[in-house]
Amino acid sequence: MMFMGSYFKTNRSVDILKVLFGSQIDRIRLFLEKTVRLRTVLVMHGFYLLVLFLLFDRFNNYLFKESTKVSPVEFVYILSWFPVEQFHFFTMSIAVVGFISLFVCIFFPRNTLFSFLSFLSILFCIAIESSYGKVIHGYYGVLFSSIVFVFLSKRKDRDIQIIFCAQFSSVLCYTLAGLWKVRLIPSTFNDYGVWGLLHALGNTIAYEHVTYGYELSSLSQFFLNHDIITGSLFFSLIGLQCMAVILVFYTRFHFILGLFLILFHVLSELIVHIPFRAQLYLIVLFFCFSPFIQMGKRKVL
């Protein structure tokens, strides 16, 4: 993978910024260009710091949980052959290994051994939580990115390539989710017509509130009462998710892509009470602090 050094002419977003900030635009441009290396280092070290806090939050729910209702899934299925106490011991062991390896990687992210142990800790953390009957969607981006960071080498000139691969991996799950929704559009249209498609997101909002007994907020009620707006948001979401892995190649859109994905997660939590905090924090780190962000320029593969 080779990053080309060619740049292209300024885009309209820069002209808008010039109108808003006037003479300050040159200072902002200079600041962004000088902080490319700083943001590269921030993403590498910040990733492991973020994952350390995320894993602590997840393991905090299970380290001292003495529940016997455990059904080990893939990657930890072999533990189903042993007493449940062995599963709790395995959980504690993974937590210790994970915390140590992640702490080391915060300061030494190029250490292949500890970065690989960090990846295994994330993988087993997801498997452990899934063994308690939960389906963990919000950590796939973290898991995919952790695989990429294992390949960080001592050659600092390749850091930005690794970060780009991590960014691509983090948004891959969005595109897969978008394609999953696309495959349901023909059958929904045949069964319920156009209005069935427009009601799809509204039905999801209603289902979440009825199933889990959430209090219906005024914001949720607004979207339930306005099918056109809700349907438009639904199709916009599908388009954003499907285009995510394409937009990541156009690095001048990184910040905008990050803002839209953040908005999606914030609205998901406010409206349907589905939190994706891990993915939200990851998007903030990877795209709001992307080392590719440079005023009026874009880098391409």
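This note covers the salt bridges of a predicted model and the setting of Leu179.

1. A search of the whole structure gives three salt bridges.

2. In the pair formed by Arg37 and Asp159, the closest N and O atoms are 3.2 Å apart. Arg37 belongs to helix 3 (residues 36-59) and Asp159 to helix 7, so this bridge ties together parts that are 122 residues apart in sequence.

3. Asp159 also forms a salt bridge with Arg110, with 2.6 Å between the closest N and O atoms. Arg110 sits in the loop between helix 4 (84-107) and helix 5 (112-130), whereas Asp159 lies in helix 7, so the pair joins parts 49 residues apart in sequence.

4. Arg37 is partly exposed at 36%, and Arg110 is partly exposed at 22%.

5. The side chains of Arg277 and Glu269 meet in a salt bridge with an N to O distance of 2.5 Å. Arg277 is partly exposed, at 42% relative accessibility. Glu269 is partly exposed as well, with a relative accessible area of 24%.

6. Leu179 is placed in helix 7 (residues 159-182). Its relative accessibility is 48%, so Leu179 counts as partly exposed. The C-alpha atoms of Leu179 and Gln241 are separated by 8.0 Å, although these residues are 62 apart along the chain.

Terms used: Residues numbered from 1 in each chain as written. Predicted model: local features only at pLDDT ≥ 70, side-chain atom pairs only at ≥ 80, totals over all residues. Heavy atoms only, no water. Helix = DSSP H or I, 4+ residues; strand = E, 2+ residues; numbered from the N terminus. Buried < 20%, exposed > 50% of the residue type's maximum accessible area, 1.4 Å probe, protein only. Salt bridge = Lys/Arg side-chain N within 4 Å of Asp/Glu carboxyl O.
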